[in-house]
Amino acid sequence: MSSDSGPGSAQGQDAGAGDEGITRTFGWEDMFVRPEDDPRTEGGFGSERATLVGYLRDYRVTIELKCSGLGAAGMARRSVPPSNLSLLGLVRHLTDVERHWFRRVLDGQDIPWRYRRGDDRDAAFNGVVADPELVGATWAAWREEVRFAERFVDHAPNLEVTGAYRQGVISLREVLVHMIEEYARHAGHADLLRERIDGRVGQ
């Protein structure tokens, strides 16, 4: 099984396993990718649908960028106590989020969560260990859910498509806005987690 930890991954590069020697750095030489190679866009998507899809795609890419170059130890490294946050935990959590909204709610599939459990709502975060196989399996699961979500949106006739949610319905439009909100929040978490691991900031 692949232990790929994201784009540009380099297994074992977990600088800053301790706090000693971590220096906060920012500059062109320390960006995750050169500006001209950044796969994200800067708006100008056009229609409402293209705008929502475009911003969500860019935030998904941002999460990948923030994890790039890390081995299993870096991906699993937690924030400061009592937080259970880690980059690997965030990817696992976002996998469940993608699965819930697009498969369970909008597509009506009767399937379980991938990570969350009835006795542990935070299992996506609590079950993290520094295992390369777990990291690889997590990225594969996340990409599978993203591919399903992208296909669902591509095939939806419009943004008014709805799914059953709680005691009512929710539209594809609202789900896309919520997903942008979800990724934006966790991209901020990823900024701080990555800075604590090796001091890298930016993008």
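Residues are classed by relative accessible area as buried (under 20%), exposed (over 50%) or partly exposed (in between), using a 1.4 Å probe and protein chains only. The model is predicted, so that local features need pLDDT of at least 70 and side-chain atom pairs count only at pLDDT 80 or more, whereas totals for chains, interfaces and linings use all residues. Residues are numbered from 1 along each chain as its sequence is written, and side-chain values use heavy atoms, with hydrogens and water left out.

Three aromatic pairs were found in a search of the whole structure, where rings of Phe, Tyr and Trp (its six-membered ring) pair if their centres lie within 6.5 Å, with planes under 30 degrees apart counted as stacked, over 60 as edge-to-face and the rest as tilted. One of them, formed by tryptophan 101 and tyrosine 165, is tilted, with 4.9 Å between centres and 50° between planes. This pair links distant parts of the chain, 64 residues apart: tryptophan 101 belongs to helix H3 (residues 87-106) and tyrosine 165 to strand E1 (residues 162-165). Helices (H or I, at least four residues) and strands (E, at least two) are DSSP runs numbered from the N terminus. Tryptophan 101 is buried because its relative accessibility is 8%; tyrosine 165, at 23%, is partly exposed.

Tryptophan 139 and tryptophan 142 form an edge-to-face pair, because their planes stand at 85°, with ring centres 5.5 Å apart. Both residues lie in helix H5 (residues 132-155), three residues apart, and are therefore separated by about one helical turn. Tryptophan 139 and tryptophan 142 are both buried.

Charges also sit over rings (NZ of Lys or CZ of Arg within 6 Å of the ring centre and within 35 degrees of the ring normal). The charged end of arginine 103 is placed over the ring of phenylalanine 148, 4.2 Å from its centre, and arginine 104 lies over the face of tryptophan 113, 4.4 Å from the ring centre.
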